[in-house]
Amino acid sequence: MADDGGRHRQSRLFTDDDGGFDAERAREESLPVEDGEVIDTDELADHQTYLEGRGIYDERNRVNDLTGKEWKYATKSVIAEGYPPALQHDLRREHGGQKPPRLCAELIGRFSKAGDTVLDPFAGVGGTLLGASVCEHEGTGLREAIGFERTRRWVEIYETALVRENEERRERGDPPLAEQEMRHGDCADLIEEVPDDSVDLLLTDVPYWHMDELEQTRNERRTRESSLGSFDGRDADGVDDESDDEPGAQSRREGSTDGEWETKADWLDDMATKFDCFTDAVAPDGHVVVFIGDMYRDQSYEFLSAELAQAIEAAAPLTLAATLIWYDPTKDLHVYGYPFSFVPSMVHQNVLVFRPADDSDAN
């Protein structure tokens with residue numbers, strides 16, 4: 001059976017007695033099968049390559065190394081996944097606001113290509129750096145990562161976590177994770193050492209300002225003392241996951257820059273100024289991806305993600321391209337406000353995705 005081009009179409013060669021597709025026969029012949037269909041590799045364009053188990057990759061892809069099938073999944077606006085403790089979490093958890101390295105690896109895979117440079121100007125205990133290394137073995141390829149961190153303790157934790165993780169990996173026979181570059185110092189100074197247009201992806205979790213901390217601490221204490229501390233009977237300390245346990249927990253990170261801003265406006269102005277400086281280092285076709293959680297304070301919802309996005313766009317040559325949600329379905333639920341007031345139990349983080357602005361964005 002010849003098709004219009006005079007070639008045999010693979011998808012017509014593997015039918016059962018009833019004329020339906022015979023997937024088992026196709027697999028026996030070692031032909032690629034995706035979603036119940038044989039991939040006709042003869043019909044692929046010159047810029048397309050079939051990657052076994054992953055789908056068809058388009059070499060014109062300038063954003064990442066994902067196939068079309070992977071790209072479709074990656075464009076989902078909600079990342080609904082809980083990340084169990086891993087990669088020396090018991091050590092890294094000393095930092096109250098660290099993000100799961102595998103979540104960072106997933107975002108790195110969406111917004112960069114193998115060999116690209118990733119920068120985290122608020123690196124903490126190195127979740128972004130570990131994620132960039134994880135990509136070599138569990139993602140689409142190693143990225144070179146640079147982290148800035150002004151708290152020496154967090155730098156030491158990253159370095160220790162990497163050593164311990166690689167010791168365990170060697171014992172299991174797994175290849176070690178690459179060591180990334182963690183620089184100790186203030187990001188406002190260190191960014192001056194990074195050449196313009198040299199960073200392909202800036203991925204970070206911003207520090208939070210001091211906001212009603214004493215009142216929040218009292219509310220937290222009451223919740224933990226109450227028998228209604230959580231729906232399953234555990235208190236907030238009974239949760240050992242990779243994220244914060246309650247609304248506003250990130251504002252109380254030990255060793256963070258909390259308290260240096262007197263007001264939210266001060267914090268927004270400082271973040272906007274810093275991102276304006278960061279953007280010079282980002283390549284014109286790169287991305288800036290920012291974790292930011294909303295808060296509930298003094299009976300009012302603080303829409304920090306929207307306010308931060310507006311502040312950054314107003315100050316830096318960046319355009320907000322997307323807002324993603326990281327929803328952790330395993331997150332413990334607490335009873336806030338019951339039975340007098342509805343107070344949200346935060347189970348999500350916002351992920352702002354910016355791209356460098358061009359002339360068309362200004363029009």
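In helix H4, the buried residues (under 20% relative accessible area, with exposed over 50% and partly exposed in between, for a 1.4 Å probe and protein chains only) are Pro101, Leu103, Cys104, Ala105, Glu106, Leu107, Ile108, Gly109, Arg110 and Phe111. H4 spans residues 101-111 and is mostly covered, with 10 of its 11 residues buried. The model is predicted, so local features need pLDDT of at least 70 and side-chain atom pairs count only at pLDDT 80 or more, while totals for chains, interfaces and linings use all residues. Residues are numbered from 1 along each chain as its sequence is written, and side-chain values use heavy atoms, with hydrogens and water left out.

**Chain overview**
- The chain has 11 helices and 14 strands, taken as DSSP runs numbered from the N terminus (helices H or I, at least four residues; strands E, at least two).
- Of its 363 residues, 48% count as buried.
- Among contacts (heavy atoms within 4.5 Å) between residues at least 6 apart in sequence, 74% join residues at least 24 apart.

- The structure holds 5 aromatic pairs, meaning rings of Phe, Tyr and Trp (its six-membered ring) with centres within 6.5 Å; planes under 30 degrees apart count as stacked, over 60 as edge-to-face and the rest as tilted.
- One of these is the edge-to-face pair of Phe275 and Phe278, at 5.3 Å centre to centre and 70° between the planes.
- Both residues lie in helix H9 (residues 264-279), 3 residues apart, about one turn of the helix, and both are buried.

**Other salt bridges**
- The structure holds 14 salt bridges, each a side-chain nitrogen of Lys or Arg within 4 Å of a carboxyl oxygen of Asp or Glu.
- Arg102 and Glu138 meet in a salt bridge of 2.8 Å, N to O. This pair links distant parts of the chain, with Arg102 in helix H4 and Glu138 in helix H5 (residues 127-138), 36 residues apart.
- Arg102 is partly exposed at 31% relative accessibility, and Glu138 is partly exposed at 44%.
- Arg60 bridges to Asp58, with the closest N and O atoms 2.8 Å apart; Arg60 counts as exposed at 56% relative accessibility, whereas Asp58 is partly exposed at 22%.
- Glu181, Arg183 and Glu193 are linked in a network of salt bridges.
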